[in-house]
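Please look at the sequence and the structure below.

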Amino acid sequence: MTGCDVIGGCPSDYVALAVAIVSFALLLLRSTLPFLIHNVPRPKGSSFWLPTIQIMASFNLLLSLAMSLNIVRFHRKHWWQSCYLWAVWVNGPLGFGLLLSCRLIQAAHLYCVFVKRRLFPIRSYISLPLALLPWVAWAVFLHIKQPLNNRCHMGTQWVGPYMCFPVLYIASLVCITGAIHHIEFKFDELKDLWRAILVTVLSIGVWVVAYVLNETHEESTWLEVTTRCLLLVVASFLVVAFFSISFSQPLVSVISLNKKESFNIKTMGEALGIHDSGILSQNDTTLDVDPNDPLDKLLQNKRFRLSFMEFADSCLAGESVHFYNEVQLLEKIPVNDPVKRIYMVRHIIEKYITTGSPMEVNISHRTRQEILSTLDLAHPELFKNAVNELLQLINMNLAKDYWSSMYFLKFKEEADMRNVDRELEQVNGWNFSPRLSSVHCPDDPFCHIPRDPPNHDGHGSYLQ
């Protein structure tokens with residue numbers, strides 16, 4: 001190890017580097033496989049960008065450690081190899097700071113949605129930079145003071161303030177978790193928060209010890225090499241465990257790669273266990289459709305609604321009918337179960353209401369803002385105005401064409417077949433076996449008593 005403690009390239013360094021590469025590869029697989037295997041639509045907004053930023057922050061953290069700790073042997077000749085670039089900026093605000101800030105924003109979203117029952121009032125592209133401001137201020141301060149030496153080590157007096165930042169963010173996570181501990185989450189978000197806090201505390205504990213030893217014992221060759229290897233390995237474990245404990249995507253988290261029984265879950269209604277949210281069953285009733293009836297009355301029937309939805313999808317205008325179907329599922333959730341209703345409402349808003357969402361519906365700006373700025377996400381009439389507007393659009397644009405389409409003819413044919421099958425079942429359900437009859441033969445009008453042939457002498461009896 002002579003010399004490699006200063007310029008890098010020790011055998012243990014390359015082992016730690018291999019662990020970091022494998023960890024990041026596992027992180028990428030863990031973040032993409034649920035979408036590839038289960039065909040879950042890619043979320044929009046903060047639900048997509050916050051986990052994506054976490055992946056970028058994890059990469060920055062591992063790369064900054066490899067560059068600033070001299071894991072790889074190279075000479076610092078260029079500006080992009082500077083200690084202040086990697087050890088201060090990439091490792092701090094763009095690495096560990098960004099990773100913890102994303103978690104803090106996600107926890108704040110949970111508190112606002114489930115405790116305050118309203119959407120988070122600040123957009124993520126504003127709240128995330130605000131959460132990063134302490135890290136940026138610290139990085140600017142270090143850049144001005146220039147406390148790093150040529151081995152990217154800072155003095156002992158700087159280590160304590162630097163370690164206060166992770167402690168401050170973890171304390172904030174603990175406070176938010178304590179504020180939502182009474183909520184009965186459906187997807188173990190509270191457990192995920194506590195696990196994330198526990199993993200982070202343990203990792204930071206080991207990190208602080210290794211970091212202090214690495215910064216203060218430059219004269220010890222074996223300790224220098226051991227601590228920087230430990231720092232990179234602990235960071236590799238942290239980024240995988242931290243991201244795997246995800247509470248930002250309920251539908252993705254319930255579709256776990258380790259749970260074979262959840263493979264058939266396709267919708268949020270099924271994930272929440274809402275009755276009548278899956279495929280059609282034999283017990284679903286059939287409706288005699290009259291085109292003169294109001295559309296909202298006809299759409300109450302599940303079979304007609306699914307048939308109309310298929311027609312709307314064929315016309316590339318199925319968003320409104322899908323939205324109506326999801327609202328019907330929401331109405332099946334009892335009003336006294338606000339947590340489950342909030343899950344469904346948040347799913348509907350992210351999928352249909354938010355601007356730029358994958359199936360954004362055509363409603364007025366006023367109605368959209370009323371939903372997005374509501375003070376009670378569990379209100380039973382939250383989507384009433386939106387449903388009324390969309391029903392008017394459906395009546396004008398889709399309803400008339402549906403009655404002359406093949407989808408309606410197919411629906412009528414299936415309805416007629418089901419009616420015939422039901423009549424046959426009723427007929428076949430009668431049992432005319434005399435052995436099962438409780439009516440005595442003399443009282444049974446269908447019981448025929450056999451007669452003896454008449455005798456020629458006139459003395460025969462009726463019964464043998």
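Y125 is found in helix α6, where helices are DSSP runs of H or I with at least four residues, strands are runs of E with at least two, and both are numbered from the N terminus. At 60% relative accessibility, Y125 counts as exposed; the term exposed means over 50% relative accessible area, buried means under 20%, and partly exposed lies in between (1.4 Å probe, protein chains only). This is a predicted model, in which local features need pLDDT of at least 70 and side-chain atom pairs count only at pLDDT 80 or more, while totals for chains, interfaces and linings use all residues. Residues are numbered from 1 along each chain as its sequence is written, and side-chain values use heavy atoms, with hydrogens and water left out.

Together with I122, I126, L130 and L133, Y125 forms a nonpolar patch on the surface, with about 500 Å² of accessible area in total. Patches consist of residues with over 30% relative accessible area and no salt bridge; like charges are joined within 9 Å, and nonpolar side chains (Val, Leu, Ile, Met, Phe, Trp, Tyr) within 5 Å. The areas come from the Shrake-Rupley method with a 1.4 Å probe, and for residues only the protein chains shown count as cover. A salt bridge is a side-chain nitrogen of Lys or Arg within 4 Å of a carboxyl oxygen of Asp or Glu.

A negative surface patch is made up of E310, D313, E413, E414 and D416. Helices α13 (302–314) and α18 (406–428) are the elements that give two or more residues to this patch, and α18 has the largest share, three residues. Asp and Glu count as negative and Lys and Arg as positive, with His and the chain ends not counted; the place of a charge is taken as NZ of Lys, CZ of Arg, CG of Asp or CD of Glu. E414 sits in helix α18 and is partly exposed, at 39% relative accessible area.

Two loop residues have a positive phi of about 60 degrees without being glycines. One is R117, in the loop between α5 (92–114) and α6 (124–145); R117 is partly exposed, at 32%. The other is L316, in the loop between α13 and α14 (319–331); L316 is exposed, at 75%.

How many disulfides does a search of the whole structure find? The search finds zero, a disulfide being a pair of cysteine sulfur atoms within 2.5 Å. Among the cysteines, C112 is buried, with a relative accessible area of 7%, whereas C315 is partly exposed, at 37%.
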